[in-house]
Amino acid sequence: MTPVTAIVDAVRRDLTDTVTLALALPDELPIPEPGQFAMLWMPGVGEIPISYSGIGPGPRVEHTVRAVGQTSAALAAVGLGDVIGVRGPFGRGWQLDGLEHRDLLIVAGGLGLAPLRPVVELAAAGGIVARSVRLFVGAREPAGMLYADDLDRRWASLEPRLSVDHADATWRGAVGPVSVVLGDALGDALDRSGDLAALVCGPEILMSVISRQLVGAGVAPERIQVSLERNMQCGVGHCGHCQLGPLFTCVDAPVVGWDVAGPLLAVRER
C-alpha cells in the first residue's frame, strides 16, 4: 500500500489533453503484464489507477494519461526528471495463450487503445503466435486519434482499420463507430476461419456493442476479452470501491471474458 518513487525519464504529448509518461521502474516493482495497471500517486494531490501503455525494454514502463481530473491533470503536467509515486502492477492482464490456430481481432475506441498498446506492439513485432492479427481503432475525430504516428508507421504491418465519428476535410478513412469497419471485415474473417478471438477496450457502451456484434457473428463469448475500468483505490481488493457484482475489478479484472462481463454490465445500476 506504500508507493515507491519512480523517475520520469521521458514525456511525449500525444493529444492536446493526453501525454505518455515513461518511468524508470525501481527494483522493488516487478515488470507488469500487458493489460495490468498501476496506482500513480502525485504527492499532495491524489492517486489514480492508470493502465500500462508500454512495457520495456528493461525496467521501463509507459502510462498514457488524459487530463480529466485533478490528479490526472497533475500527472499530465509533470516534466522530465520529476518523481512520482507508484504501486503495482495490479489486476489481471490480457490472456494471449491458445491463439495458435485463431485469428485475433484487436478493437479499441478512444483512450481504450492505451491498455492494448503493449499487445499491439507485440503483434507488430511478430511476438504473438496467432494465425493472423487485425487492428481496428476508432476515435471521435481525426485530431483525437491516439498514437497516430504509430498507426501510420510502426504498426503498418497490421494494416490498421481506422474510423472517426466526425470527419474533417483531411480525413480519408471510414466515418462512423469502429463497429462499422469491424462489421465490414467480420464476414470475411469468419468465412476464412470461423475461429476468432478478440481483445476489446474502450468505453463500456462501445465494448458492449462490439462484444454483442461479435457474439452475433458466432464468436464464443469466452473468446472475447474486455477491460473493465472501475473506481479502483486500494488495488488489492480490500476497499470495495471497484466491486462489480461478485468481482473486485482491481484483483479479478480489469481483463475478463465477455461471458463474465456481459451479464454484469447488463444489470442496471442505481
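Predicted model: local features only at pLDDT ≥ 70, side-chain atom pairs only at ≥ 80, totals over all residues.
1. Where does D14 sit? D14 belongs to strand 1, residues 4-15. D14 has a relative accessibility of 18%, and because buried means under 20%, D14 counts as buried. Apart from neighbours within four places in sequence, D14 is in contact with V19, T20, T64, L146 and Y147.

2. Seven strands make up an open sheet, ordered 4-3-7-1-2-6-5, with antiparallel pairing. Strand 4 (46-51) and strand 5 (54-55) stand at the edges with a single partner strand each, so one side of each has no neighbour in the sheet. Strand 3 (residues 37-42) runs antiparallel to strand 4, and six bridges join the two. Within this pair, L40 stands opposite I48 of strand 4.

3. Which residues touch the most other members of the largest nonpolar core? They are L104, I106 and L135, in a core of 29 residues. Strand 8 (103-109), helix 2 (113-124), strand 9 (132-139) and strand 12 (196-201) are the elements giving two or more residues to this core. Helix 2 provides the largest share, with six residues.

4. I106 deserves a look of its own. Not counting residues up to four places away in sequence, I106 touches L116, V119, V120, V133, R134, L135, F136 and L199.

5. Finally, there is a second, separate core of 26 residues; V178, L196, V219 and A261 are among them.

Definitions and conventions. Residues numbered from 1 in each chain as written. Heavy atoms only, no water. Pairing = 2+ DSSP bridges. Helix = DSSP H or I, 4+ residues; strand = E, 2+ residues; numbered from the N terminus. Buried < 20%, exposed > 50% of the residue type's maximum accessible area, 1.4 Å probe, protein only. Contact = heavy atoms within 4.5 Å. Core = buried A, V, L, I, M, F, W, Y, C linked by side-chain atoms within 4.5 Å.
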